Amino acid sequence: MMKILANDGISESGRAILEKGGFEVMNVKVAQNQLENFINENTIDAILVKSATQVRQELIEACPSLKLIGLAGVGLDNIDVAYAEDNGVHVINAHTASSSAVAELVFAHLFGMVRFLHSSNREMPLEGDSRFNDLRKAYSQGVELREKTIGIIGFGKVGQAVAKIAIGLGMNVLATDKKIKSAPITLDFFNGQKTVFTIDTVAQDVVLKEADFITLHIPAQEDYIITALEFEQMKKGVGIINTSRGGLLHEVDLVKALESGKVQFAGLDVFETEPTPAVQLLMNPEISLTPHIGGATQEAQERIGIELANQIIALLKN
């Protein structure tokens, strides 16, 4: 019987599919420095990880029983993909399972920021009874998202899921992508009705110049894609959100842009120095913060487990 180590967990549905398919699933958390021993002692055929576990060349090399590495998410930065594939080890991820979860978090940050929830939720417990009218005055300059322009950098599955919500809110969508020229955005309504919008992508500088809010949806890059140079091109008072990867956005430049008023709002789910984000970000009252939870909803975890299980059966059984 083939053995699968779900090192960072797997949903019940995913596990059930695998067990029904004749796999033994070991749902245990093995420390990074113990992985090599554990895999070899138990002759593990496949390992499933999230971003917390590193599957590097040394580990792949040292564990000849490994036939497959699965990532319960999208970005594969923690896996040496090329080395694995060159050595006949399959690398899979869950492409589409977490798109709507990440897109909803983008709007959780957006809705919160434009009405100052990230700040009022800090101030109300301290001063809500003594300075109620002052706080009311301070927070009554919020804006509406309707009819504003959202700029989406990276128009893959997640970027398209963001566009879907934005269109539903009556926002104007500007998207940019190096490979995707155009994408159909299907809005599925509760009563079975559907409407399709086609969004053609534009050059990145158009997005930077014209968007009221900018959200990043691209994989990890060699270098920053948003630095002081890009902030300069943006509208004064822009809002920026990163739920993609730390290291896309130059954090020191962001803090400076917030201090100068160029950027009015920022929402961060990812950080350059995870799991210990810079204190000046954590303490900055203008930043709406979450601890890298973009794809982590109950529904997304279920879908990820099912998507990975089906791929594993297709690859290792046949």
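How much accessible surface does the protein have, and what share of that surface belongs to carbon and sulfur atoms? In this predicted model, the accessible surface amounts to about 16,000 Å², and carbon and sulfur atoms contribute 52% of that area. On the inside of the picture, 46% of the 318 residues count as buried.

The overall dimensions come next. The C-alpha trace spans about 65 × 45 × 40 Å along its principal axes. A compact globule of 318 residues would have a radius of gyration near 20 Å, so the 22 Å found for the protein agrees with that expectation. In terms of secondary structure, the protein holds 13 helices and 13 strands.

Six of the strands form an open sheet with parallel pairing. Reading across this sheet, the order is E7-E6-E10-E11-E12-E13. Its edges are strand E7 (172-176) and strand E13 (287-289), each of which pairs on one side only. From one strand to the next, the twist averages 15°. Within the sheet, strand E11 (residues 238-242) and strand E12 (residues 263-268) run parallel and are joined by five bridges. In this pairing, Asn242 stands opposite Leu268 of E12.

Helix H8 (residues 157-168) lies across strand E6 (149-153), E7 and strand E10 (213-216), and its direction makes an angle of about 170° with E6. The twelve residues of H8 reach 17 Å from the first C-alpha to the last, which is close to the 16 Å expected at 1.5 Å a residue.

Which residues of H8 are buried? They are Val158, Gly159, Gln160, Ala161, Val162, Ala163, Ala166 and Ile167. These buried residues pack against the sheet strands E6, E7 and E10, and their partners also include helix H5 (99-114), strand E8 (182-188) and strand E9 (194-200). Just after H8 comes Gly170, with a positive phi of about 85°.

Conventions
Residues numbered from 1 in each chain as written. Predicted model: local features only at pLDDT ≥ 70, side-chain atom pairs only at ≥ 80, totals over all residues. Heavy atoms only, no water. Pairing = 2+ DSSP bridges. Helix = DSSP H or I, 4+ residues; strand = E, 2+ residues; numbered from the N terminus. Axes fitted to C-alpha atoms, helices over the stretch in contact; angles between N-to-C directions. Contact = heavy atoms within 4.5 Å. Rg over C-alpha atoms; globule rule 2.2 N^0.38 Å. Buried < 20%, exposed > 50% of the residue type's maximum accessible area, 1.4 Å probe, protein only. Areas by Shrake-Rupley, 256 points an atom, 1.4 Å probe, with all protein chains shown as cover. Expected span 1.5 Å × (residues − 1).
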